[in-house]
Every structure is written in C-alpha cells, then in structure tokens.
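Morning, everyone. Please have a look at the model on the screen, and then I'll take you through it.

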Amino acid sequence: MIKKIKIAPSILSADFARLADEIRVVENAGADVLHIDVMDGHFVPNITIGAPVVKAIRAQTRLLLDVHLMITDPELYIDDFIKAGADWISVHCEATNHLHRLLQQVESGGVKVGVAVNPATIIGLLDEVLHKLDYILIMSVNPGFGGQIFIPESLDKIIRLRQKLDSAHINRALIEVDGGVNQDNALSIIEAGADILVAGSAVFGGGDPDGAIKGIRQAVIG
C-alpha cells in the first residue's frame, strides 16, 4: 500500500491575474500545501514575488504556505517571510556559506525548516544538518523556470536520501520533490521515497487544476 502523500501545487504556473481564484480551486481540490517560489533574478535567472504577495496569499487560504527561497542572501529576508505568514521555509544550501546558522534563523521564527538542493548538489552536504530539518526539497529540474522536464537521475538521488534518513533514524524529515512532476511520473517518485510532490504546470497548465490534482493522487494510490 502506498503511503499517504502531500500534493503541493506551485503558484509559479498559476494565473497571477486570478491568483485568489486559482488558490481556491486547488484548496477545494484537496491540495495539502501551497508551494510559493521566491526568485530574485540573481540566484536564479527569473524574478517572481516577495513577502507582500505571500502576506496577501495568507489572507486568502487556510493551506500551509511552503515558501521556497531561491534567492541570494536569504538571511536578509527570512524574517519578512515569516511575518508575512509562511508556515514552511526552505533555503538553498548553495546560497549560503553558513547553512547551520541560517537554519537556526528559520527555526527561531517558529516555522518548518527546509533545505533545497539543486540537481548537481550532492546530498552529502546536508549530513551535518539533517537532524535539524523538517523537510528536504530535491530539485528535479534546474531552478528558475516552470514547465521543465523531470531529470531522470533525480530518482536515484531521492532513493539515496531516503536510505540516508532511514539509516540515521531521522523520521521527522520529509522529502519534497519539485520540477517536472506530473501524473506520469508521480508514482515512481513516491516509490523512490518522496513524501511531497510539488506540481506547477501539471496542475495549472491544463485548464483543470481540480482534475490534475485528483489525477496525480490517483496515479499514486492506484
């Protein structure tokens, strides 16, 4: 029997002119978490949103807000996103020289602590902080743009991370996967060891977010 999974629609692919309506649809469709990609045009080649938009979203939904900071100098902005209503915050290990300190800053704000790793980043870099994490975000595309194709080698990375967590008896840390997730590959990603599926264009790109979320969930549970 497949474990219970969480589906996290990414608003990166939503219609920003109708954002409140788009969020309401995925909430009603049974989404578990709302994934919010924050990009600064420096750490990644795109610019998206900031804390004021997160605050506006917070007022529109009961869903957990999973804020993924794809930004340089994240320590300068973490407190702003916590005040805006983030429930989870993930920072990129590649964006800081002082990851442990950065995670302490997130934790002190009373939100869930996550670390994101790019496709070419080895998961061994997280060994010394795994015990501090509520979740690890495996990027299965190179971050910066929606609509990319899932990198197949990501499956092995998920498997190795799951084995590492199990061997260390770290039970609280969830594995989240972001990039190219869709109905066709959802089952293999979950079987590799993931707990949370982030889906952007697969949910919002086809004109039927409700059906897309239900289709992804059905693909996993059979």
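A word on classes before we start. Ala, Val, Leu, Ile, Met, Phe, Trp, Tyr, Cys and Pro count as nonpolar; Asp, Glu, Lys and Arg count as charged; the others, Gly among them, count as polar. This is a predicted model, where local features need pLDDT of at least 70, side-chain atom pairs count only at pLDDT 80 or more, and totals for chains, interfaces and linings use all residues. Residues are numbered from 1 along each chain as its sequence is written, and side-chain values use heavy atoms, with hydrogens and water left out.

Now the cavity. A cavity is a set of points on a 1 Å grid over the protein atoms alone, where a 1.4 Å probe fits but cannot get out; lining residues have an atom within 4 Å of a point. Points are joined across faces, edges and corners, and volume is the space filled by probe spheres set on them. There is one cavity of 30 Å³ or more. Which residues line the largest cavity? They are Ile11, Leu12, Phe16, Asp37, Thr48 and Ile49. By class, that lining has four nonpolar, one polar and one charged.

Next, the pocket. A pocket is an open set of points, with protein on both sides within 12 Å along at least five of seven lines. The largest pocket has about 260 Å³ of space. It has 24 lining residues, and Gly146, Gly147, Asp178, Gly179 and Gly180 are the closest to its centre. Eleven of the lining residues are nonpolar, eleven polar and two charged.

On to the sheet. Strands (E, at least two residues) and helices (H or I, at least four) are DSSP runs, numbered from the N terminus. Two strands pair if DSSP finds at least two bridges between them. Eight strands form an open sheet with parallel pairing, in the order E1-E8-E7-E6-E5-E4-E3-E2. E1 (6-9) and E2 are at the edges with a single partner strand each, so one side of each has no neighbour in the sheet. Look at E3 (64-70) and E4 (88-92): four parallel bridges join them. Histidine 68 has serine 90 in E4 as its bridge partner.

Last, two helices. Axes are lines fitted to C-alpha atoms, for helices over the stretch in contact, and angles run from 0 to 180 degrees between N-to-C directions. Contact means heavy atoms within 4.5 Å. The axes of H1 (19-28) and H8 come within 8 Å and cross at roughly 35°. H1 brings Glu22, Val25 and Val26 to the contact, and H8 brings Pro209, Asp210 and Ile213. That contact has four nonpolar, no polar and two charged residues.
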